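Subject: Structure for you to look at

Hi,

Here is the structure I promised to pass on. Please open it next to this email and follow along.

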Amino acid sequence: MVSSLVRPRPSRLSAAAEEFRFGIEEEYFVCCAKTLAPAVKTPESLFAYADGATLGREMLQAQLEVGTRPHTNLSDAREELQTLRQAATRSAGDQGFRILACGTHPLGKWRESVQTPRERYDQVMEGLQMLGRRNMLCGMHVHVEVPQPARRVEVMSRALPYLPLFLALSTSSPFWEGNLTGLKGYRLAAYDELPRTGLPDLFTRERDYLSYVEAMTKSDAIPDATHVWWSIRPSLKFPTLELRIADSCTRVEDSIALAALYRAIVRHLYLNPDVNCKLDVVDRALAVENKWRAQRYGTETTFVSRDGAIPIEQFLENICERVAPDIEALGCVDEVYHCRDILKGGSSADRQIDEFRRHEEHGALAALGKVCHWIADASAVV
């Protein structure tokens, strides 16, 4: 794909010693192996897997999180992510569960959710109340290290126009409370009920972002910056810029493809400070609209722009042309090419809807069960 693309001018800064290491975090639903309904309570033994993998709890007991180490090689990242999914699958199976990698659970009932008993989650629930219990959602986060961490904020703002693409490619949440919502990505419709979510404002300087966080902490609105839940944010724990807009990808290859493209974009923006350096409130407003269009239409969307509507296929091609040297430098041509395959074959949401329509004549509940079985099978790595 990349070899035929137009090459932009060489980067203005050198990246010879800059690896742009990256890591992937994924959240899964833990479900009863027989019914595939979300688990109400999960034992600690589920997360005490003894094969070297770390399986973490999330805010609700029906959620499980895994995270890779930092990587420079995509093959190594793929191998570790597959290993983590295998570990989660085996540990869940040993306890009578299965895992589902998707943004919302087709059979999930948020009123039946049970909070994980931890002090941090106690504090979050106290603040969010019912919205916290409605957070029966699973996403994928990609961390990319930025050589000069102080530049993460301006890179974040310049990345805003690209974020809706990652949502569209990852959509895996067309159902909510057993209903077909009409949205390919319902997860963010629910998640954006929470404060400090959605696209960040146009912070172009680190000191402005830090002033915002300081005001919020001094006012006791949040304890620290980890409670800023934007679709992209500077990590407090790591020197990374964290992509948070994506649904949990049902298929491992989709996760790797999105991580590869995001890493290339971060590298490109870092090495080319002039790219998107003049974004204004109109550009941010267009990105917000495109985020909605990605939620609604997924891989079939068109995006708005100052020059008119852009089909998602062309939007992807335009980005890949711009960051072609970065894609090649990072050795991720094949992985980024897979983004095209997602558009051709559909995201997880498209497959779920197809599965539902195929079995709908047998009743909605039976059709939803078939959807859950497809997700469980596609999530597993054997």
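Which residue forms a salt bridge with Arg187? The partner is Asp247, and the closest N and O atoms are 3.1 Å apart. Before you go on, note that this is a predicted model.

Find the two residues in the sequence. Arg187 lies in helix H6 (residues 187-191). Asp247 lies in strand S9 (residues 240-247). The pair therefore ties together parts that are 60 residues apart in sequence. Both partners are covered. Arg187 counts as buried because its relative accessibility is 4%, under the 20% cut-off. Asp247 is buried too, with a relative accessible area of 0%.

Salt bridges

The structure holds 27 salt bridges. Another of them joins the side chains of Arg78 and Glu335, at 3.1 Å from N to O. Arg78 sits in helix H1 (residues 74-94) and Glu335 in helix H12 (residues 333-345), so this pair links parts that are 257 residues apart in sequence. Are these two residues buried or exposed? Arg78 counts as buried at 17% relative accessibility. Glu335 counts as buried at 11%.

Now look at Asp254. It forms a salt bridge with Arg251, and the closest N and O atoms are 2.9 Å apart. Salt bridges that share partners join Arg78, Glu253 and Glu335.

Helix H8

Helix H8 covers residues 252-271, which makes 20 residues. From its first C-alpha to its last, H8 reaches 29 Å. That is close to the 28 Å expected at 1.5 Å a residue. How many of the 20 residues in H8 are buried? The count is 19, so H8 is mostly covered.

Strands

Strand S3 (residues 63-67) has two partners to look for, S1 and S2. Strand S1 (residues 22-32) pairs with S3 in the antiparallel sense over five bridges. In this pairing, Glu26 stands opposite Val66 in S3. Strand S2 (residues 56-57) also runs antiparallel to S3, and two bridges join them. Gly56 stands opposite Glu65 in S3. S2 and S3 form a hairpin, with five residues between them.

As you trace the strands, keep one general point in mind. In a regular strand, side chains alternate between the two faces of the sheet.

Best wishes

How values were computed: Residues are numbered from 1 along each chain as its sequence is written. This is a predicted model: local features need pLDDT of at least 70, side-chain atom pairs count only at pLDDT 80 or more; totals for chains, interfaces and linings use all residues. Side-chain values use heavy atoms; hydrogens and water are left out. Helices (H or I, at least four residues) and strands (E, at least two) are DSSP runs, numbered from the N terminus. The expected span of a helix is 1.5 Å times one less than its number of residues. Buried means under 20% relative accessible area, exposed over 50%, partly exposed in between (1.4 Å probe, protein chains only). Two strands pair if DSSP finds at least two bridges between them. A salt bridge is a side-chain nitrogen of Lys or Arg within 4 Å of a carboxyl oxygen of Asp or Glu.
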